[in-house]
Each structure stands twice: as C-alpha cells, then as structure tokens.
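Please take a moment with the protein model below before reading on. The paragraphs after it lead you through the model step by step.

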Amino acid sequence: MPERNEIVIVGAGPAGVRAAQTLVAAGLRPVVLDENARWGGQIYRQPPADAGFARSKRTLYGFEAGKAEALHATMAALLPKLDYRPDTLVWACDAPQTPDAAHASHAADADAAHAAAARGAPRRLHTMHAGREIAVPYTHLIIASGATDRVLPLPGWTLPGVYTLGGAQVALKAQGCAIGERVVFAGTGPLLYLVAYQYAKAGAQVAAVLDTSAFASQAKAAPRLLSQPATLAKGLYYVGWLRAHGVRIEQGVTLDGMEGTAGVRAIRWRRAGRAHTLECSAVGLGFGLRPETQLADLAGCRFIFDDLNRCWLPERDAAGRSSQPGVYLAGDGAGIAGADAAELAGRRVALALLEDLGIAAPALSGQPDAARIAQKLASIRRFREGIEQAFALPQAPAAHWPDDMLVCRCEEIDARTVRECVRLDGVTEINRLKALTRVGMGRCQGRMCAEAACHLLADASAQTLAQVGRLRAQAPIKPIPIAPMLFDENVAAIPEEARDE
C-alpha cells in the first residue's frame, strides 16, 4: 500500500457524492473537483448561491425533490471531511507513465503497470480555477464526469434560439429563465418530455413536443420498462400532464429543420406524409444523452464499442475498475443509466477502491452492499434497454442532411466536405477525417460534432458507427484561457500531450 494515497473524484453529481461518502466513512479524505459552483450535477443542479431568485426543491426537481434533498444534504455534511473544489474545470490528465496492462503485449509489461499502481506513483490532473492553472496529483482517480447532449444537426441548428435540451434545462434551473417566449422541444428520449414538463410547470409557453419516435415503438418497449414501474409511471405522468394542459405532442415525426435569419422563427417537420410548420422563438433539441469520456481517454483507459449506448465507452469491470490501474469509472460518464444508477455506481467504485487499498468496507446506514448494488443495477439496465427501444435514434440520420449544412460549427465544416473526403480521398476512419478537415478540432474538441461526423462518415462510406472508430480526445477537453499558463511562472507547464499536434 502506498505511503500516501492521493484520491481524487472528478464530478460532484450523484456518482461523485456517493463515492465521496463511502470513502469518507472509511476514514479517507478525497479531493472532489467540481466544474459547477455547487454540487448536485446536472440532474440535481442547484442555482448559484447568489442567483437572485428562490425556487423550492419541489419546484426545481418535481418527483425527484426528495432524492435531490438527500444528495445535497449528504454532500453538505461531508464538506468538513473532504477537499471540495467547486468552479474547477479538469482540462487535461498526464499520460500513463507505465504500460497499460490492458494493452500490454507481454506479461512483464502488465506486471509493471500494476506494480506502479501499487506503489502509488502519482500522476496529475490539470485544472483551471479562477483563471489559474493548478496541477492536482493523484494515485487513484474516480471519474464521474456525467453526460452531455447527443447532438444530431438539422438545417438551421446553428440559428440563435436553438439550444440543446440540457442547455434549456440549465437555463431554467441555474438562471431561472426560459430560452424563449414560445418554445418547441424536438428530438427524442425521455428528457424531451421531462424538460417540456419542467418548462410548462414554470409558466413558460411550450408550443409543442415533437418526438421522432413512434408511439408503437414505445408500446413495444413496455415489458422492459416495467422493470422500473415507478420510473415508468413518472414518464407517463409527464406526458399525460402535458396533454391535459394543452401542450401539442406529435410522435413519429421527421424533423426537417428550423427557419429564421437573425434567430429561429419556425420549425418544420413531416408526419404521415404531411408537411407542417410551427412558429416559435426557441427550440430545445436533443436525441438522448452521450457519456463524457474524454478524461478517461486521456487517463489511458481502453475503449470498446457499446451497442446499447451506440458509442465507444471506456472498458470497466462490474465494480467500475477501468483498464488503467488506479482509475475508476462511475455514473453516466461510463454509460447512460440515470441518476439512481449513478448513485449506486458511485458507491460501488468506492468499495472497489477500498478493496484495492486493503481497507475494510464501512457500514453506512441506508446504503447497499456490493451484492445488492449489482442486483439493482441489473434491473436498471433492463429498463435502460427499454428506453433505447422506445426512443431509438432516427434511422440513418445523416442520409438526408443537405451538403451545405454545417456539421462542425467551430471549424465551419459542412456535410459536403465530409462526403468529398470519402469520395475523393477514400477516408473511412474518423481520426483521418479529422486530420484532413479539422472536424472536431475546434473549441468543443468534438463534444458537439463528433456524433454527427461519425454518422455522416458511416453513411458516406457504407460502414457502421463501430467501424469508423472514435474521435480520440486531446487536451484541453474543454475551452480554457491560455494566457494564465503562458505568463504565470508559478503554474505548471502545459503538458506535452496538450500542445497542438
């Protein structure tokens, strides 16, 4: 066991908080790095302390108010016993200094990797806080990075007034405002109805909910969805409430795009062969969630393609251990499963970490043991399979994207450019496409455009998403100011892997 353990948790959402709670109960003092100003993550996001408005937890979180209150109270009680650093953005991670056991070609290499982890050889996270770069050493790292919106572009998606569903939810919870006076929510997934319900309950005018999934698909998924009857009942309630309050709900639609000049003014769609146009001042657009995996990539974790999440995920065992010794994965950043699963997974990875350190698992009132966690997660996974069946992505979404539609807005790469790379240069792999076009090399580092670029490349080259590969992460994984690091002699140098290729 190392003389000094530097345990760092990235993320203070449901997974991060429950991991911290378990570690503190075992007598450890982890560092918790949180990009937000207050703990809770996206699902239980709290308004800033100086927000200037007051809304009850019941108003903010609806049926989940009790869970939100419990999580917030747990973290508040932990604050004196851990090193909590809010408003801290993790933007890079030192590359592994020893061979990754999961990639090792010789047994000696694998043994060296695990031996280094056992010695506790520290690595560093690179963070930004208050305009300063701060290096945070770690011997053990729990990544609870959460998820972001899965973005599939449509004509007009770059118009002012078009937001992701997550962005619309942040505006409501953290700023206490709506994204427009007359809002349409479009796409698919349970978040579509939840955000529409939250907006309507807050008094915003919701003009319509446009769901690309058909009701028949949702009905076929009922047997799996019944594995979590309470969660299913909440979803049905949101839909029923919206209908009862006059919100137009259209299912099985094909979205054709948004119209406008200085801002969005209308949305167009088709259903049953008929074209429709609906005036609006804002659109909340989303097609489910996508795990945030960039930090796990920089940490050296091995990835595999996951059919359920329809994306590449860091490989992990049932307890949340990654392929990289000393690195653990929990919550939606390791695979979308929701807030309840994130809490369970956060506690499970903490138990795994304690086991690896030779520390006995602490007994916590109301918190399940490893066996019970496994049972609960299995039930949630079945429900998750039902969600994917009920709210599947549109078939071949890139097939009808017009050539002049932007795919990567940071670098202004349109669909024509991607298709020509396939036709003229024979590109079949996403990182080769990145090298030739700069798609995914802008400020978002592919967080917004990677999904679309992969779908477009797969369609143009007649391949599957798994075959085109994944966009490799590169620091900084989120935008940061460069000046403080260039001119402040007291901060760590920019790591080599963070420099331009």
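Residues are numbered from 1 along each chain as its sequence is written, and side-chain values use heavy atoms, with hydrogens and water left out. The chain averages a pLDDT (the predictor's confidence in each residue, from 0 to 100) of 90, and 90% of the residues score at least 70. Over residues 99–116, however, the pLDDT is below 50, and it also stays under 50 over residues 489–494. Where pLDDT is low, the predicted coordinates should not be read in detail.

The model holds 26 salt bridges, a salt bridge being a side-chain nitrogen of Lys or Arg within 4 Å of a carboxyl oxygen of Asp or Glu. One of them joins Arg18 to Glu343, with the closest N and O atoms 2.7 Å apart. Because Arg18 lies in helix H1 (residues 14–25) and Glu343 in helix H11 (residues 339–357), this pair ties together parts that are 325 residues apart in sequence; helices (H or I, at least four residues) and strands (E, at least two) are DSSP runs, numbered from the N terminus. Arg18 is buried at 6% relative accessibility, and Glu343 is buried too, at 15%, where buried means under 20% relative accessible area, exposed over 50%, and partly exposed in between (1.4 Å probe, protein chains only).

Both of these residues are touched by Leu71, whose contacts (heavy atoms within 4.5 Å) include Arg18, Trp39 and Glu343, not counting residues up to four places away in sequence. Leu71 sits in helix H3 (residues 65–78) and is buried, with a relative accessible area of 0%.

A second salt bridge links Arg150 with Glu451, the closest N and O atoms being 2.8 Å apart. Arg150 is in the loop between strand S8 (147–149) and strand S9 (162–164), whereas Glu451 is in helix H15 (residues 450–460), 301 residues away.

Which charged residue is buried yet has no salt bridge? That residue is Asp306, and the nearest side chain of opposite charge, Arg381, is 4.9 Å away, with Lys and Arg counted as positive, Asp and Glu as negative, and His and the chain ends not counted. Asp306 is found in strand S18 (residues 303–306), and a polar atom of the Asp306 side chain lies 3.2 Å from the backbone nitrogen of Leu308.

Notes. This is a predicted model: local features need pLDDT of at least 70, side-chain atom pairs count only at pLDDT 80 or more; totals for chains, interfaces and linings use all residues. A polar contact is a pair of N or O atoms within 3.5 Å; within protein, one must be able to donate a hydrogen and the other to accept it, and residues adjacent in sequence count only if both atoms are side-chain atoms.
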